Amino acid sequence: MIQTTQTDVVIIGAGPSGSIAACLLRQLGHEVVILEKMTFPRFIIGESLLPQCLTVIEKAGCLEAIKQAGFQKKIGATFQHQGQFEHIVFDDKFSAGPGTAFHVQRGKFDKILADCAERKGATLHYQATVIEVEPEFNNSTVVYKDSDDTQHTIKAKFIIDASGYGRVLPRLLAIDKPSSLEPKGTLFTHIKDNITEGSHSREETLIVTHPQHRDVWYWLISFSDGRSSLGCVGSPEFMKPYQEKGIEGLKQLVNEDDVLAEILKNAEYDTQDYIINAYSGSVSKLYGDGFAILGNAGEFLDPVFSSGVTAALQSADLAVNVLDKMLKGQAYDWQKDFVDTLSVGIEAFRCFVNNWYTGGFQDVIYTKTEVENIRSMIASILAGYAWDTDNPFVSQPNRRLNALIKICQD
Ligand code: FAD
């Protein structure tokens with residue numbers, strides 16, 4: 001049976017970008033229906049937040065709920081290579097804004113944001129999988145299947161695709177594009193960490209460069225409940241044999257780094273392994289007649305600087321500003337105020353990610369050269385303030401980072 005309903009905006013996906021877009025749209029008075037294929041809470045990776053994203057969460061009216069949830073406070077990141085530790089404290093940042101963030105279990109975090117959107121009046125259907133779209137401003141059609149395989153049709157003025165790795169519009173409209181970044185593989189899990197006090201600060205995301213392979217790195221993201229997210233990223237060829245062994249492969253990787261092995265010597269591996277390969281992706285256009293694409297569904301670079309949720313929320317904020325004008329019949333400019341503005345931060349992160357894997361940015365992180373005066377600018381980027389064009393590493397990322405790399409390598 002086909003049932004048809006009508007709304008202003010259909011949002012595909014109730015991840016962070018979808019739920020925050022829904023909150024912002026509701027605050028501006030627009031009707032919203034969110035279609036989410038899973039039931040929440042559900043497991044998803046992406047647990048280390050950056051301070052910048054709290055500004056968008058606050059604007060969407062969800063910050064108090066996040067603060068009350070008991071998530072692990074995060075003050076910065078520690079990089080470790082061959083026993084050398086370098087701490088980046090977010091509060092040392094150059095840009096204005098929050099100086100701390102959280103390590104969040106995404107099942108719980110995403111549910112809080114989705115509940116927040118519902119409380120603001122968005123209609124949310126779980127177990128609603130979008131299977132067809134026909135975007136056209138003021139006359140868009142979305143077809144979804146519910147858990148009984150019943151098809152439903154929604155007519156909307158506009159479609160927002162916030163479907164993350166589902167990449168619904170990129171697939172259905174054939175606007176998917178390979179990322180400019182080399183494909184990577186990852187192997188990860190959650191552990192009961194049993195970390196001894198003093199060996200690792202739970203308030204910092206730990207990024208470990210593999211002792212022999214500088215393009216291979218690990219993350220350790222500790223939660224407030226004695227558990228941690230643990231994973232490793234490398235080229236698909238490097239990761240394949242470890243991925244084939246699952247949890248044993250991850251333990252083997254941990255034991256290849258003496259420092260990480262010591263921190264995790266009492267860890268209990270009580271959860272299944274997860275594997276994702278070739279996670280980066282892009283699109284040939286981020287908006288079109290009757291649609292816009294947010295977050296991972298549009299562009300995802302790399303997890304090394306934990307920028308995914310921050311970029312996803314930034315895209316939601318920018319897109320809603322333009323869409324609000326469009327729906328109210330005011331002048332709007334998707335290219336300038338959404339695509340071009342979003343790309344400022346994406347390109348800054350892309351530059352840092354590229355230089356992480358080629359090793360140049362690692363030379364900056366692990367340098368013995370005194371670079372105090374620009375440390376705050378680097379801390380700003382790593383805290384997510386990659387849209388603050390007063391920071392020279394944002395306005396001219398390649399030029400400024402290459403110059404800094406040269407200083408650190410000389
Ligand atoms: P998602 O969070 O993916 O949400 C999309 C939602 O859409 C999902 O709930 C999905 O069920 C739903 N959906 C999909 N298809 C359909 C459909 N057909 N119909 C209806 N609903 C649909 N980011 C960070 O900020 N910090 C980190 O530490 C971090 N670590 C990462 C580690 C790895 C290994 C990887 C691969 C990524 C990491 N990320 C991290 C990135 C982060 O996971 C994403 O950037 C973030 O989840 C993007 O949010 P989103 O709202 O765009 O999409």
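Modeller: With residues up to four places away in sequence left out, T271 touches T189, H190, R227 and I247, where contact means heavy atoms within 4.5 Å. This is a predicted model, in which local features need pLDDT of at least 70 and side-chain atom pairs count only at pLDDT 80 or more, while totals for chains, interfaces and linings use all residues. Residues are numbered from 1 along each chain as its sequence is written, and side-chain values use heavy atoms, with hydrogens and water left out.

T271 sits in the loop between α8 (258-263) and β16 (274-277); helices (H or I, at least four residues) and strands (E, at least two) are DSSP runs, numbered from the N terminus. Two polar contacts involve the side chain of T271. One goes to the side chain of R227, at 3.1 Å, and the other to the side chain of D270, at 2.9 Å. A polar contact is a pair of N or O atoms within 3.5 Å; within protein, one must be able to donate a hydrogen and the other to accept it, and residues adjacent in sequence count only if both atoms are side-chain atoms. The relative accessible area of T271 is 25%, so the residue is partly exposed. The scale calls a residue buried under 20% relative accessible area, exposed over 50% and partly exposed in between, with a 1.4 Å probe and protein chains only.

The loop that holds T271 also holds E268, which pairs with K192 in a salt bridge of 3.8 Å, N to O. This pair links distant parts of the chain, since E268 is in the loop between α8 and β16 and K192 is in strand β12 (residues 185-192), 76 residues apart. A salt bridge here is a side-chain nitrogen of Lys or Arg within 4 Å of a carboxyl oxygen of Asp or Glu. Both partners are partly exposed: E268 has a relative accessible area of 39%, and K192 has 35%.

Next, the domains. The assignment, automatic or from a database, gives domain 1 (1-74 + 101-183 + 279-410) and domain 2 (185-277). Their C-alpha centres lie 26 Å apart. At the interface, 23 residues of domain 1 are in contact with 24 residues of domain 2. About 2200 Å² is buried between the two, with 58% of that from carbon and sulfur atoms; buried area is the accessible area (1.4 Å probe) that two parts lose on being put together, summed over both. The rule finds 1 salt bridge across this interface, and 15 residue pairs in polar contact, both residues at pLDDT 80 or more. On the side of domain 1 that touches domain 2, the elements that give two or more residues are β3 (72-74), α11 (334-358) and α12 (360-365). The largest share, 3 residues, comes from β3. By class, this side has 11 nonpolar, 7 polar and 5 charged residues. Ala, Val, Leu, Ile, Met, Phe, Trp, Tyr, Cys and Pro count as nonpolar, Asp, Glu, Lys and Arg as charged, and the others, Gly among them, as polar.

Other sites give some comparison points. S282 is in strand β17 (residues 282-283) and, at 6% relative accessibility, counts as buried. Its side chain makes a polar contact of 3.2 Å with the side chain of E299. Beyond four places in sequence, S282 touches several residues, including R167 and D176. Those two residues form a salt bridge with each other, R167 to D176, the closest N and O atoms being 2.7 Å apart. R167 is buried at 11% relative accessible area, whereas D176 is partly exposed at 39%. Q314, in helix α10 (residues 308-327), is buried at 9%. Apart from neighbours within four places in sequence, Q314 is in contact with Q52, V56, L342 and W387.

The salt bridge count comes to 19. Among them, K336 pairs with D337, with closest N and O atoms 3.2 Å apart.
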